[in-house]
Amino acid sequence: FNPSTGDDEVSLYVISGVMPTVEPPVATVGPVASTTSDSPNLGRVGLRQGTSTLAPSLVIDGIRVAEQWSNISAINTISTIVPDQFVLSQNYPNPFNPNTKINFALPVSGYVTLKVYNALGKEVSSLVNSRLATGTYSVDFSGSNLNSGAYFYRLELSGENGKVFSEQKKLMLVK
């Protein structure tokens with residue numbers, strides 16, 4: 001959204017699996033351009049999958065809207081080498097203002113969630129909510145919309161081999 005122009009393009013990408021770090025060459029829908037003034041917000045998005053009674057119900061989390069693809073792709077693959085153990089690193093820098101990086105390593109493939117919580121335990125951000133392969137990853141987190149204070153991030157993995165991993169760490173936002 002750029003309030004100074006009236007011709008911004010909107011593109012929709014439907015991605016299965018990990019969000020690519022480079023913008024795909026072709027959008028699923030769009031780009032759609034407008035010659036009218038920009039809307040100050042996106043009011044509603046409706047999604048429907050399939051018509052079969054076997055079509056899964058989906059919970060979509062972490063929808064990202066940004067001017068540049070690099071701001072959409074939050075998960076960066078550092079290495080595809082299979083690590084020896086599950087690791088959740090301390091965010092860096094810590095304390096931070098307003099951006100920090102969280103690294104983690106997955107010894108098995110599986111469904112991963114990485115969420116940030118406030119001191120009361122209320123979820124304030126969902127950074128990862130998808131299936132990931134074994135490897136080492138990095139996720140950027142922005143606390144620009146949060147107040148200064150202590151927060152916690154929790155990484156959970158439900159491995160394809162049946163193993164479950166979970167770890168939590170504290171981070172400090174100082175504005």
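R154 is partly exposed, with a relative accessible area of 27%. Here buried means under 20% relative accessible area, exposed over 50%, and partly exposed in between (1.4 Å probe, protein chains only). R154 forms a salt bridge with E156, the closest N and O atoms being 4.0 Å apart. The term covers a side-chain nitrogen of Lys or Arg within 4 Å of a carboxyl oxygen of Asp or Glu. E156 is partly exposed too, at 36%.

The model is predicted: local features need pLDDT of at least 70, side-chain atom pairs count only at pLDDT 80 or more, and totals for chains, interfaces and linings use all residues. Residues are numbered from 1 along each chain as its sequence is written, and side-chain values use heavy atoms, with hydrogens and water left out.

By the salt-bridge rule, the count comes to five. Another one joins R131 and E160, at 2.6 Å from N to O. R131 lies in strand β7 (residues 123-132), and E160 in the loop between β9 (149-159) and β10 (164-173), so this pair ties together parts that are 29 residues apart in sequence. R131 is partly exposed at 41%, while E160 is exposed at 53%. E123 and K115 form a further salt bridge, with the closest N and O atoms 3.6 Å apart. E123 is partly exposed, with a relative accessible area of 36%.

Now the fold. The chain has zero helices and 10 strands. Both are DSSP runs numbered from the N terminus: helices are H or I with at least four residues, strands E with at least two. Among contacts between residues at least 6 apart in sequence, 62% join residues at least 24 apart. A contact means heavy atoms within 4.5 Å.

Eight of its nine residues are buried, so β6 is largely enclosed by the rest of the structure. β6 pairs with β7 in the antiparallel sense over eight bridges. It also pairs with β9, again antiparallel, over nine bridges. Two strands pair if DSSP finds at least two bridges between them. β6 and β7 form a hairpin with four residues between them, and G121 in the turn has a positive phi of about 90°.

L114 shows both pairings. It stands opposite V128 in β7 and opposite L155 in β9. In soluble globular proteins, nonpolar side chains tend to be buried together.

Some nonpolar side chains sit on the surface instead. V10, L12, V14, V29 and V32 form a nonpolar patch with about 440 Å² of accessible area together. A patch takes residues with over 30% relative accessible area and no salt bridge; like charges are joined within 9 Å, nonpolar side chains (Val, Leu, Ile, Met, Phe, Trp, Tyr) within 5 Å. β1 (9-12) and β2 (29-33) are the elements that give two or more residues to the patch. L12 lies in β1 and is partly exposed at 41%.

Over the whole chain, buried residues make up 29% of the 175. The accessible surface comes to about 11,400 Å², of which 52% belongs to carbon and sulfur atoms. Areas come from the Shrake-Rupley method with a 1.4 Å probe; for residues, only the protein chains shown count as cover.
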